[in-house]
Amino acid sequence: MKTFKKLKEFYLPYKKYLLISIFFMILVIATTLVYPIILQVIIDDVIISGKYDLIPMLVVLYMIIMLVKGVSTFIQQYTGDLFGIKSVYKLRNSLYEKLQYLPFRFYDNAKTGDLMSRLTADVEGFRFFLSFGIAEFVRFILFVGISVVVMLTYSIPLTLVTIIALPFLIVVVNKFDKKVHPAFREVRRSFGRLNTKVQENISGINTVKSLSREDFEIEQFNDFNFDFRNRNLYNAGLWAKYFPLMEFIGNLSVILLLSYGGYLVIYGDLKPGELVAFYSLVGYIIQPIMFLGFIINMFSQAKASGERLLEILEEPIEITENETSVKEKRIIGDVEFQNVTLTYPNDENAALKNITFHAKAGSTIGLIGSTGSGKTSITQLLTRFYEPVKGRVLIDGIDVKDYSIKTLRSQIGFVMQETFLFSSTIKANISYGRPDATMEEIIDAAKRAQAHDFIMELPDGYDTILGERGLGLSGGQKQRIAIARAICLNPSILILDDATSAVDMETEFAIQKAMEEVMANRTTFIIAHRISSLKHADQIFVLENGEIVEQGVHEELIQKQGIYRRIYDIQYKDREAILKS
Ligand SMILES: Nc1ncnc2c1ncn2[C@@H]1O[C@H](COP(=O)(O)OP(=O)(O)OP(=O)(O)O)[C@@H](O)[C@H]1O
């Protein structure tokens, strides 16, 4: 119940639909329970006692009851559905919203396919319970309760004999619940794994094909699919085992009823019509009790699904802001790191150790160093993608923690190492961070990123629709669109993380030239492996194992005969050799 309690904010606002549904369900049940009573009257009063003049009245009564039942069933079902559909609409939105704000740390370990199955299959499982499960449970209680009361008015001893086997039925149903719930949780998990496999495979299909790993992938999928199949089979086995047992116990009640009830009729202690009515009423008890298995099933699924949904909803956002957070400030771009240490979750080694530096507003900072030395990590602290475990990161003298996330990120243009383009138009991709940008601004950004010419060569120019992964564009073209996207933001701080790694030297040079003007009034961080990309920077930091081991301008660093010089020698050796020859 804890799971449902925690999710109450999603369904309680719509409880009126549930209440209406239950009210009309009571009408449905009441009208249904009148059938056996009418049957009893027809047998005992009309047929046996010969009061045939009652027939027209009974027919009219029957028709009215049918009509009431029909209308009530419609309202009960529709409002029940409304309750479920409206609740999960809100739930689905909240889950998606939560996913937007969860920190990078969450996504480091999250699996896309699994998340997708939570947002679809689990939400649906929960809806099914809200729409049908709750109503069916109430129906069960009412049917059983009212039927027993009606039976008691006919004959107390016969009622007791008939329901004597029912506690056993409840024990079996309870046992079934204990087994079926964990089984369902496993089915859900297995489905999540299956989804993850498919999603990863589609995303990485280029790698799979280029390495001819199709057979391996098929085999792996088969394993996951086999697991999913087995778990479903186990579940089906539980159903197959328990359902006949429940039916058997239910039928025992019918045997007891017919034996003892027949005896009572023979000795005149019960009228034949009452026995027939009893027989129908027992059906109304046994059926819902057996159906209880199905309700429990729905409940178990919903509980398992609810737990998985809560795992997302209760995941801490961590990066918080409050009313005092700095908003509406135009960032100038003065950046300072004070003894900053960063340790990623699940990694005991610090990715950055005691980093201290000052970058004046408008200056250009070059970051170079071997892979994994911490270059990207430095820039990710600026945007608060991660938080330092020690030290402070200041922008314009204010700790980044004190900025509202929106204010901070809307003024920092980040061209990431891996370019991601949405499956929409080029225009929409460039203006993604600033949807109100005019066409002139979009074109201007594209021109500066050296992207305008190739965009104009595409069939629909800026209206060309890109595939999910920017299909149809080369790596360098995608990078240039990503650069245009960052420029379009008109940021105060620009971060170019290996942003020109996929373009040829000539294009890089052209981009650099065009960027000179863009960078003029912005603090720019250039992360690069090529010295040519950052040699004009005002300050260059050489990183090694999370520490700044050398710093200075290009000429100074060349004189030092250190790491920078070594990189320079390797990269320029060939050029000098060519020049000499
Ligand atoms: N999200 C993360 N979770 C755990 N560890 C991480 C994460 N991101 C980076 N690291 C680790 O932190 C260290 C620094 O990584 P970072 O990406 O900053 O290096 P880099 O210098 O930018 O490398 P590259 O040139 O290859 O991009 C590496 O050891 C890396 O494995």
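Me: How many residues surround the ligand in this model?
Reply: The structure is a predicted model, in which local features need pLDDT of at least 70, side-chain atom pairs count only at pLDDT 80 or more, and totals for chains, interfaces and linings use all residues. Residues are numbered from 1 along each chain as its sequence is written. A residue is near a molecule or strand if its C-beta atom, placed from the backbone, lies within 6 Å of it. The closest to the ligand are Tyr344, Ala351, Thr371, Thr376 and Ser377, and the number of residues that surround the ligand is 13.

Me: Which helix gives the most to the shell around the ligand?
Reply: Helices (H or I, at least four residues) and strands (E, at least two) are DSSP runs, numbered from the N terminus. The helix that gives the most to this shell contributes three residues and spans residues 375–382, and its name is α12.

Me: Is Arg384 buried or exposed?
Reply: Arg384 lies in the loop between α12 and β4 (390–395), and has a positive phi of about 60 degrees although it is not a glycine. A residue is buried if 20 or more other C-beta atoms lie within 10 Å of its own, exposed if 12 or fewer, and partly exposed in between, with C-beta atoms placed from the backbone. Because Arg384 has 21 C-beta neighbours inside 10 Å, this residue counts as buried.

Me: Is Gln561 buried or exposed?
Reply: Gln561 is found in the loop between α20 (554–559) and α21 (563–580), and its phi is near 60 degrees, a positive value in a residue other than glycine. Because Gln561 has 10 other C-beta atoms within 10 Å, this residue is exposed.

Me: Which residue is the bridge partner of Val542 in β10?
Reply: Two strands pair if DSSP finds at least two bridges between them. Strand β9 (residues 539–544) and strand β10 (residues 547–552) pair in the antiparallel sense over five bridges. Their hairpin has two residues between the strands, and there Asn545 takes a positive phi near 50 degrees. In β10, the bridge partner of Val542 is Glu550.
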